[in-house]
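Please look at the sequence and the 3D structure below. A briefing follows, grouped by topic.

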There are 2 protein chains.
Amino acid sequence: AQKQREISVSEFFVKNRHLLGFDNPQKALLTAVRECVDNSLDACSDAGILPSLRIEIVQRAENRFRISVEDNGPGIVRGQIPKIFGKLLYGSKFHTLKQQRGQQGIGVSAAGMYGQLTTGKPVTILSRTGPNAAAHHFDVTVDTKKNQPLVLRDEKADWDVKHGTRVTIELEAIYKRGRRSVDDYIEQTALANPHAEIHYAPPNQEALHYPRAVSVLPQEPKEIKPHPYGVELGMLMRLLQDTPARTVAAALKNDFSRVSDKVVAEVTKSALIKPNARPRDLTPSDVERLHAVLQNVKLMSPATNCLSPIGEESIRAGLSKRFVADYVDAVTRPPSVYRGNPFQVEIGLAYGGDIPADELIDLYRLANRVPLQYQSSACAITKAVLSVDWRAYAMSMSKGALPTGPMILMIHIASVWVPFTSESKEAIAHYPEIIRELRLALMELGRRLASHIRHRRRVADEAKKK
Amino acid sequence: AQKQREISVSEFFVKNRHLLGFDNPQKALLTAVRECVDNSLDACSDAGILPSLRIEIVQRAENRFRISVEDNGPGIVRGQIPKIFGKLLYGSKFHTLKQQRGQQGIGVSAAGMYGQLTTGKPVTILSRTGPNAAAHHFDVTVDTKKNQPLVLRDEKADWDVKHGTRVTIELEAIYKRGRRSVDDYIEQTALANPHAEIHYAPPNQEALHYPRAVSVLPQEPKEIKPHPYGVELGMLMRLLQDTPARTVAAALKNDFSRVSDKVVAEVTKSALIKPNARPRDLTPSDVERLHAVLQNVKLMSPATNCLSPIGEESIRAGLSKRFVADYVDAVTRPPSVYRGNPFQVEIGLAYGGDIPADELIDLYRLANRVPLQYQSSACAITKAVLSVDWRAYAMSMSKGALPTGPMILMIHIASVWVPFTSESKEAIAHYPEIIRELRLALMELGRRLASHIRHRRRVADEAKKK
Ligand SMILES: Nc1ncnc2c1ncn2[C@@H]1O[C@H](COP(=O)(O)OP(=O)(O)OP(=O)(O)O)[C@@H](O)[C@H]1O
Ligand SMILES: Nc1ncnc2c1ncn2[C@@H]1O[C@H](COP(=O)(O)OP(=O)(O)OP(=O)(O)O)[C@@H](O)[C@H]1O
Ligand SMILES: [Mg+2]
Ligand SMILES: [Mg+2]
């Protein structure tokens, strides 16, 4: 009994840093950059600003790098800086149900904590919320025993930008080029976010510039309430306990999306509940009946405005820009739901041209516009690709392996909450609703590809006959 | 800024229940049983008691089951019951560095929380710490917004056992037989823990009894300090800040394992630090030099007494009991270290006999004597098996797939801290030190198997000539 103790979130994650994507020095560099860049893109998107990012990686010693990510976003209010960077499970996105790159309140504090763990250095933040506000310079560490920030420095600073944030972290890392590198992440990010401008200075090399491909912001996703499908009984009980609404009818309409007066009438009638009953007066068996009926009633699909798909046109353009292929296709599925969370699958396919025909296909995975570069074997996306019989679409395929052929697949899942296999946000959990949508999209593209290949063969054969 | 909020651990894990192993109803049943059984085996081991467990699964509705796990362990002190079952990240094992099945302070509270989430029912605990103490009956739920227990019931109870604990959870689940079932988990658990007696009543079937195979407790692992190899700079800084020791020499000797006076003298000399300096007086660059020297100094391997390997004899006996094979072999590697944590690999191999020759080999994975039944593709154990060229050991093997042949591998990793890929404790993270040890053990067994196969072929050929 004497040994029973509370474990702080930060202590837990120091011991489990591989759960956050900091397993080894090469991956750590990628994860740290990704968490900062994702925050910058989210912040600009939130504030309606076309993002301009400056990313710099400087080598400080053989296995030590200093990364710096700067954005022209809205900046961070001074009073919030310590907790945002010095406390895990603190942020603005967890309780907000709409598509965002971040969702946990962990990312950048974990990156700073890993820097501190491997070099002893604090994370440095420079931030300005507007031209009439002063810029502030903070040095922050995480007190890992208590999951609280320690502010080592907090001063006004001169910084000649109108508004924005710059985050600097020094960490033990290894820089490698090629697949799964930071360079690859930045290139894929530029393609998935054509409205963003990125300046990138890799270590010991020429700086790169990715100019904006479009000058219009994508539609900002809207915050929504959960969709009733797949919401657990305990969540419904909690909702009815906590709702400010005075009647069950109002609670259902206000606290869920897609629940109309007509649906409320039908549902309360089937569940034998008075629509104007007070939510807290329902008995557990009342709520159980209500829950069962809600799962089966006919509801409209979730609203699309909480999601921001890349879009078939941008996907095709991105693939054509990056690869020399004969044939480029894309499909964006209509939104679907898992556990009350709307999600949407989109896939781009490039075939032929310079793509090698005798190798396993290349598979690029993205979630909420963020490239996923690790844990492919754990990912639902990979599982879905492996579960399709590509021999029906003119490719060869051995059991349990990706198909062989001159093809590239870019697969994007957009959701108000992406179910990752761990907090490192690298692979997607195997929810059957998601795998089903992936397969439908893959088979759609497969059919169109097979028809293109047959058509091309017929044309070639006829040309030979002449 | 108004949107910045703290996220409670329980809220986070309700949304991320797939991180805890509750992705779907079939897996949920397995995870809930496993978390309770692991706790019972750990508690008996801690208290030096030969474990007798009673496990019962009762079907309550089409997709609803009530599980009950009872042990003859030391029982739980009444004052601790609410937090143990009603609060995540609370327990006795996280801060104790020795081999145990649990390590996070999450398991059983998560199982109770999933039951509550899907059925609205609390977890029920019956516990007694000794014949002179009263037995207590508790009903506990988790207040998920605050990560605090809510006690719905707390009464004395009549229970005619000397000491022990019974945990009952009602949850939405699906019961299936076969691989990855609860039945399979219990059978593997009985084999990996020959000193345990298990009564198991599956739903709607005859009860099963696994009697004790040995009546001697395995050596209880001893609690240790971290080994210096692989400990991060930030951890060393933290240690020197927090140590009650008055000199650097005493801190190094007391707060690490395997640091002798001789090592202290050598390390402080190379790092240009006075051995009797006060730990808090060291500058960051002092600590950096000390850290670098510690990584490179010659140290004894970690003590073996913090680990409790199953042992080559028990592994061979278990395999021979379960499978009809011509050839059974096992190897237990000496202990090694990753990130300051001792670990040990052991592998059992069964070949020939009734094992089908034309199928992929069967791979059983265990960590700290607990069977791992999911996420094989994400696991370091599977990765290590795939990385060995089994064609050198008389098996056929296609790229990226397990080898084909009449072979079963049982692979066990014992550690003071198992690096799982997520909190569900289903697959092992790819630490290079661990993969290296796995490969060495696999290749050792592979060579011995190849030699056995060659020998058998020679004998068969000679018999044919006569
Ligand atoms: N560059 C930035 N500009 C403005 N706000 C930021 C910036 N970076 C972080 N924030 C704020 O800090 C919060 C915490 O960031 P953090 O990365 O720790 O978590 P998150 O982005 O919410 O989730 P995740 O753990 O998935 O990344 C964010 O929710 C956001 O409100
Ligand atoms: N049957 C039991 N008998 C005695 N003590 C128990 C029993 N079950 C749980 N405990 C105590 O409750 C604590 C919390 O259990 P819990 O399963 O939540 O976490 P854990 O076992 O420490 O780690 P993990 O999350 O990896 O399972 C344990 O550390 C142990 O001290
Ligand atoms: Mg973030
Ligand atoms: Mg446990």
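Predicted model: local features only at pLDDT ≥ 70, side-chain atom pairs only at ≥ 80, totals over all residues.

Residues are numbered from 1 along each chain as its sequence is written, chains are lettered from A and ligands numbered from 1 in the order in which they are written, and side-chain values use heavy atoms, with hydrogens and water left out.

**Chain A overall**

- Chain A holds twelve helices and 16 strands. Helices (H or I, at least four residues) and strands (E, at least two) are DSSP runs, numbered from the N terminus.
- The C-alpha atoms of chain A fill a box of roughly 80 × 70 × 50 Å along the principal axes.
- Of the 466 residues of chain A, 58% count as buried. Buried means under 20% relative accessible area, exposed over 50%, and partly exposed in between (1.4 Å probe, protein chains only).

**Strand β3 of chain A**

- β3(A) spans residues 64–71, and seven of its eight residues are buried.
- Strand β2(A), residues 52–61, runs antiparallel to β3(A), and eight bridges join them. Two strands pair if DSSP finds at least two bridges between them.
- β2(A) and β3(A) form a hairpin, with two residues between them. R54(A) stands opposite E70(A) in β3(A).
- Strand β8(A), residues 164–172, is also antiparallel to β3(A), again with eight bridges. Here V69(A) has V167(A) as its bridge partner.

**Ligand 1**

- Residues from chains A and B surround ligand 1, so the site is shared between chains.
- Of the 22 residues around ligand 1, S92(A), Q103(A), I106(A), G107(A) and K425(A) come nearest. A residue is near a molecule or strand if one of its heavy atoms lies within 4 Å of it.
- The shell around ligand 1 has six nonpolar, twelve polar and four charged residues. Ala, Val, Leu, Ile, Met, Phe, Trp, Tyr, Cys and Pro count as nonpolar, Asp, Glu, Lys and Arg as charged, and the others, Gly among them, as polar.
- α2(A) gives the largest share of this shell, four residues.
- A polar side-chain atom of N39(A) lies 2.9 Å from an oxygen atom of ligand 1. The side chain of D71(A) has an N or O atom 3.0 Å from a nitrogen atom of ligand 1. For K93(A), a side-chain N or O atom is 2.8 Å from an oxygen atom of the ligand.
- Taken alone, ligand 1 exposes 600 Å², and the protein buries 95% of that.

**Ligand 2**

- Chains A and B both supply residues around ligand 2, so this site is shared between chains.
- S92(B) has a side-chain N or O atom 2.6 Å from an oxygen atom of ligand 2. A backbone N or O atom of I106(B) lies 2.8 Å from an oxygen atom of ligand 2.

**Q373 of chain B**

- Q373(B) sits in the loop between β15 (370–372) and α11 (380–387) of chain B.
- Q373(B) is buried, with a relative accessible area of 11%.

Conventions:
Polar contact = N/O pair within 3.5 Å; in protein donor to acceptor, adjacent residues only side chain to side chain. Areas by Shrake-Rupley, 256 points an atom, 1.4 Å probe, with all protein chains shown as cover.
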